[in-house]
Amino acid sequence: QVQLVESGGGLVQPGGSLRLSCAASGNIRSIIIMGWYRQAPGKQRELVANISRSGRTNYADSVKGRFTISRDNAKKTLYLQMNGLKPEDTAVYYCNCRPDYPGSYWGQGTQVTVSS
């Protein structure tokens, strides 16, 4: 089993920045990819960014150039640095990990609100 705990969300003005953190524990050796997803009210959950075991990253087109996904392996923590935030970035952000077996794990989510 893997446990994920997100933190770092909050209220920020347009153009501002936030850094989300996801602390992982449990059988993390099984993880092959981790990522951040988000879901706004009335919308489907969408991939924001992910990073593979080897460190390869990919991003949704809507966040390229503004968001950066990274890891601190020693701290077993995943990060999402979000710069140049826009109101349309407002959503609940979820940490996700995919193991080397069927299924996936999700954190509880952290709210990001971008508003004046």
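Strand S8 is largely enclosed by the rest of the structure, because 5 of its 6 residues are buried (under 20% relative accessible area; exposed is over 50%, partly exposed in between, with a 1.4 Å probe and protein chains only). Strands here are DSSP runs (E, at least two residues), numbered from the N terminus, while helices would be H or I runs of at least four residues. Keep in mind that this is a predicted model, where local features need pLDDT of at least 70, side-chain atom pairs count only at pLDDT 80 or more, and totals for chains, interfaces and linings use all residues. Residues are numbered from 1 along each chain as its sequence is written, and side-chain values use heavy atoms, with hydrogens and water left out.

**Who S8 pairs with**
- S8 pairs with strand S3 (residues 18-26) in the antiparallel sense, over 6 bridges; pairing takes at least two DSSP bridges between two strands.
- Within S8, Leu-80 sits opposite Leu-20.
- Strand S7 (residues 67-72) also runs antiparallel to S8, joined to it by 6 bridges.
- Asp-72 has Thr-77 in S8 as its bridge partner.

**The S7–S8 turn**
- S7 and S8 make a hairpin with 4 residues between them.
- Lys-76, in that turn, has a positive phi of about 55°.

- Lys-86 lies in the loop between S8 (77-82) and strand S9 (91-99).
- Lys-86 is partly exposed, at 35% relative accessible area.
- Beyond neighbours within four places in sequence, Lys-86 is in contact (heavy atoms within 4.5 Å) with Arg-66 and Val-114.
- Arg-98 is 12 residues from Lys-86 in sequence, and their C-alpha atoms are 28 Å apart.
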